[in-house]
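We will stop at a pocket, a cavity, a pair of helices and one stretch to treat with care.

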Amino acid sequence: MSKESAPADPAVDTTQAPPELGNQYTSDRVLTSYLKRTLPEAVRQEAADALHALGERAGGDLYALQQADRTSEPELTQWSPWGKRIDKITLTDVWKTAAPLAAEYGLVALPYEQPHGAQSRPVQFALAHLFIPSTDMYGCPLAMTDGATRTLLAAGNDALIDEAVPHLTSRAPESAWTSGQWMTELAGGSDVGQSNTTARQDNDGTWRLYGRKWFTSAITANMALALARPEGNPDGGRGLALFYVRIRTDDGALKPGLRVLRLKDKLGTRKLPTAELHLNGVEAMPVTELKRGTRHIAPMLNITRTWNAVTATSFMRRSVALSRDYATKRTVFGKKLIDQPLHQDTLAQMQSTYEGAFHLSFRVAELLGRDEADTATDTDHALLRLLTPIAKLLTAKQCVSVTSEAMEAFGGAGYVEDTGLPQLHRDAQVLPIWEGTTNVLALDLLRALKRTGGLAPLRAEFKRCMDGLSAPRLIPPMKKAAQALQHAQNWLHEAQDNDAQLQGSARRFAYTVGSVMEVALTVHHAQWALNHENDARPAEAAVRLAAAGIDHLHPVDPHGAHVLAHDFNCPTLFECHTGTADTPAPVPTADTLSESAFADGQGQQAKA
């Protein structure tokens with residue numbers, strides 16, 4: 001038998017070692033360095049045990065359970081064997097484990113207990129950052145529970161506060177509640193003012209809801225906040241009211257007047273029981289006045305959008321952790337994958353994106369904590385109003401890109417379901433959609449600017465980030481960010497009287513100011529890390545963030561956008577591009593194009 005045809009030696013192990021995580025707190029130098037910079041030493045010591053323990057579980061038994069429970073999904077049983085409508089939902093093992101764990105660690109309770117004052121929010125979200133990637137989107141009901149708690153407290157309805165808030169913020173698993181939010185309908189989506197759910201009052205004064213809620217996350221919750229239109233109220237958002245609904249009786253059964261039509265068949269977040277509901281007289285209580293319901297959900301959105309940004313950040317961290325560990329184990333072309341220059345560049349770009357997103361999302365957490373502890377300045381309030389939509393929209397988009405890159409970093413294995421990488425990417429795709437799409441958030445930013453005096457709060461934040469800046473390596477990225485911020489300021493001034501231009505470029509404007517803030521905040525931390533930790537890695541991340549592109553406000557013809565969106569041939573657009581309108585454009589030759597490109601390249605080099 002020839003050497004080439006000899007059977008493989010069964011003693012030789014040719015399998016690929018899987019990635020491992022380890023303690024996700026101690027191994028995340030971005031998180032640990034940030035907490036060292038921002039938390040007082042006493043607070044950091046008080047929080048250390050919980051962070052260390054949850055970090056160990058996130059990379060240990062919770063991650064192992066998540067992988068073992070990968071194929072499980074919640075199941076809806078609508079009827080008992082004897083014909084009774086029961087609408088029973090069976091949850092996955094991960095969710096059954098996550099619920100008591102979240103209560104015990106105070107993942108909702110912390111900012112309401114405020115053991116660390118204004119720093120309670122950053123500590124809460126640091127724990128959530130560790131918890132979320134290993135618990136199959138259980139962060140979703142936690143976000144809604146947190147948002148509902150803040151909304152009830154802001155509304156000042158003492159009866160509902162006394163009934164619900166002790167449960168929503170309980171650390172005892174047997175008494176802890178979660179909350180849903182029932183906003184989305186077929187006619188509405190982001191435009192909740194089109195809601196067709198009706199609220200009617202019985203003769204005894206009891207309010208009941210009637211209608212169809214098309215998309216309700218975490219139907220296994222104990223209560224929900226719902227928008228409905230009291231009979232006789234006008235159309236639109238002003239005619240809606242916010243209602244409190246107990247979903248379940250004390251024995252866990254659904255309340256009368258509530259039916260689960262189906263669980264949604266979604267691209268991702270499949271472990272999360274998202275339902276379509278029929279409301280047929282379910283009892284409800286007004287949270288506040290019987291109008292302007294969309295205004296009264298604002299406290300909820302501020303919370304849930306922050307959770308969304310932290311979730312996106314945590315998914316990026318998980319993507320980097322898995323990809324980096326795998327690269328240390330896989331050998332290709334005679335080298336470890338992590339020693340291949342091109343793969344190093346890929347991992348470095350993923351890491352720098354994560355660092356920028358982390359500092360942006362946790363800056364929002366800091367400001368939220370100050371607001372709730374009544375220590376925020378007027379500038380802090382304005383900055384929170386602007387950074388919340390910015391952080392939500394930008395980090396969500398970045399997360400989808402990074403989780404996609406992680407799949408590719410594993411090659412074919414990343415495309416195979418039982419590695420868990422496809423689920424991570426599919427779950428990430430919901431983040432740009434939940435709590436307002438990218439376009440909705442970009443328009444929200446424009447509205448916020450009218451209340452904050454334009455970009456003044458962001459300029460003040462940028463200046464704060466420059467304080468103490470001295471490292472030569474950090475000057476160029478900060479200069480590039482400053483130029484982009486000034487361009488955004490100029491664009492806003494020029495477009496302020498042109499609604500079509502404002503709306504048409506709102507997304508690119510939001511990307512620009514968001515990228516500016518990510519670079520500035522990362523530079524700010526990088527200077528601290530150089531000074532106090534002798535660590536240059538955050539500085540390199542800042543350089544890469546700036547090099548990846550900050551200014552997205554390139555000139556765009558709105559008429560061209562109209563033509564491309566509708567996809568029709570427009571004679572005036574044709575004339576513009578061929579030079580037949582007004583003065584014909586000179587036709588360049590191949591030589592002049594080459595010379596121009598070379599000159600531009602030289603010019604860019606000279607500027608650099």
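A pocket is an open set of points on a 1 Å grid over the protein atoms alone, with protein on both sides within 12 Å along at least five of seven lines. A cavity is a set of points where a 1.4 Å probe fits but cannot get out. Lining residues have an atom within 4 Å of a point. Points are joined across faces, edges and corners, and a volume is the space filled by probe spheres set on the points.

This is a predicted model: local features need pLDDT of at least 70, side-chain atom pairs count only at pLDDT 80 or more, and totals for chains, interfaces and linings use all residues. Residues are numbered from 1 along each chain as its sequence is written, and side-chain values use heavy atoms, with hydrogens and water left out.

**Stop 1: the largest pocket.** Its volume is about 1,200 Å³. Select Ile 297, Leu 301, Arg 305, Glu 435 and Gly 436: of the 40 lining residues, these are the closest to the centre. Now show α10 (298-327). This helix gives the most to the pocket lining, eight residues. Helices and strands are DSSP runs numbered from the N terminus (helices: H or I, at least four residues; strands: E, at least two).

**Stop 2: the largest cavity.** The whole structure holds three cavities of 30 Å³ or more. The largest has a volume of about 190 Å³. Select Gln 66, Pro 133, Gly 420, Gln 423 and Leu 424, which lie nearest its centre among 17 lining residues. α3 (61-68), α10 and α13 (421-428) each give two or more residues to this lining. The largest share, four residues, comes from α13.

**Stop 3: two helices.** Select α1 (residues 29-38) and α11 (residues 341-372). Which residues of α1 meet α11? They are Arg 29, Val 30, Leu 31, Tyr 34, Arg 37 and Thr 38. Their partners in α11 include Tyr 354, Phe 358 and Phe 362. Contact means heavy atoms within 4.5 Å.

**Stop 4: a stretch to treat with care.** Colour by pLDDT, the predictor's confidence in each residue, from 0 to 100. The protein averages 91, and 91% of the residues score at least 70. Now select residues 600-608, where pLDDT stays under 50. The model has zero contacts beyond four places in sequence for residues 600-608. Where pLDDT is low, the predicted coordinates should not be read in detail.

Notes: Axes fitted to C-alpha atoms, helices over the stretch in contact; angles between N-to-C directions.
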